[in-house]
Amino acid sequence: MRHVILGNGAAGITAAAKIRELKTEDEIIMVSNENTPVYSKPMLPDYIGGKLSKEKLFLRDFNFYSQNRIWLITGNKAKNVDVRAKKVKLEDGSDVAYDKLLICVGGIPFVPPIEGLAEAECFMLNSIEDADRIRERAMPDKK
């Protein structure tokens with residue numbers, strides 16, 4: 001049986017670990033639009049503020065995936081799900097077939113339609129990439 005999990009956050013990695021525990025021979029494929037192993041999003045502000053190193057954000061390393069026979073596809077995301085054919089079309093054009101599909105992609109920050117916001121330097125915080133962008137632009141000794 002092939003399990004495909006869209007998303008590599010806390011929900012996705014917990015599901016993958018539980019599937020591996022219960023179904024030792026099943027195939028597990030995780031798809032993530034990021035290029036990192038799973039990390040703690042609630043800790044991103046501490047990383048931005050310098051209280052925590054980037055390495056401390058990670059809940060698992062890439063070895064976890066290989067040791068648990070979880071195939072992690074990074075830097076790609078689902079573009080379309082064909083439930084009849086049981087296939088996920090990825091942004092790079094490839095297809096991933098599944099027997100069971102679990103969607104754990106999380107949320108997308110909502111940016112309110114505030115006049116002038118497009119011209120202002122406004123940041124969202126939803127990923128390590130966002131946190132790195134904020135750290136690059138932050139002024140030393142400023143709030």
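Q: Where in the chain is Arg69?
A: Arg69 is placed in the loop between α3 and β3 (70–73). Helices here are DSSP runs of H or I with at least four residues, strands are E runs of at least two, and both are numbered from the N terminus. This is a predicted model, in which local features need pLDDT of at least 70, side-chain atom pairs count only at pLDDT 80 or more, and totals for chains, interfaces and linings use all residues. Residues are numbered from 1 along each chain as its sequence is written, and side-chain values use heavy atoms, leaving out hydrogens and water.

Q: Thanks. What's phi at Arg69?
A: Phi is positive there, about 55°, although Arg69 is not a glycine. Arg69 is also partly exposed, with 46% relative accessible area. For reference, buried is under 20%, exposed is over 50% and partly exposed lies in between, with a 1.4 Å probe and protein chains only.

Q: Which other non-glycine residue has a positive phi near 55°?
A: Lys86 has one. Lys86 is in the loop between β4 (78–82) and β5 (87–90), and its relative accessibility of 37% makes it partly exposed.

Q: Switching to aromatics: how many pairs turn up in the whole structure?
A: The search finds three. A pair needs ring centres of Phe, Tyr or Trp (its six-membered ring) within 6.5 Å; planes under 30 degrees apart are stacked, over 60 edge-to-face, and the rest tilted. One of them is Tyr39 with Phe58, an edge-to-face pair at 6.4 Å centre to centre with 85° between the planes.

Q: Where do those two sit in the chain?
A: They link distant parts of the chain, 19 residues apart: Tyr39 is in the loop between β2 (27–31) and α2 (44–48), and Phe58 in the loop between α2 and α3 (62–67).

Q: Is Tyr39 buried or exposed?
A: Tyr39 is buried, at 7% relative accessibility. Phe58 is partly exposed at 26%.

Q: How are the rings of Phe64 and Tyr65 arranged?
A: Their centres are 5.8 Å apart and their planes at 85°, so this pair is edge-to-face. Both Phe64 and Tyr65 are buried, and together with Phe62 they make one aromatic cluster.

Q: Which charged group sits over the Phe64 ring?
A: That's the charged end of Arg60, 4.9 Å from the ring centre. To count, NZ of Lys or CZ of Arg must be within 6 Å of the ring centre and within 35 degrees of the ring normal. Arg60 itself is in the loop between α2 and α3 and is partly exposed, at 36% relative accessible area.

Q: And what does Arg60 touch beyond its neighbours within four places in sequence?
A: Arg60 is in contact with Ile13, Pro37 and Val38, contact being heavy atoms within 4.5 Å.

Q: How far is Arg60 from Lys100 in space?
A: They are 24 Å apart, C-alpha to C-alpha, and 40 residues apart in sequence.

Q: Which arginine lies over the face of Tyr47?
A: Arg135 does, at 4.3 Å from the ring centre.

Q: Last one: which residues of α4 are buried?
A: In α4 (residues 128–137), the buried ones are Ile128, Asp130, Ala131, Asp132 and Ile134. What covers them includes α2.
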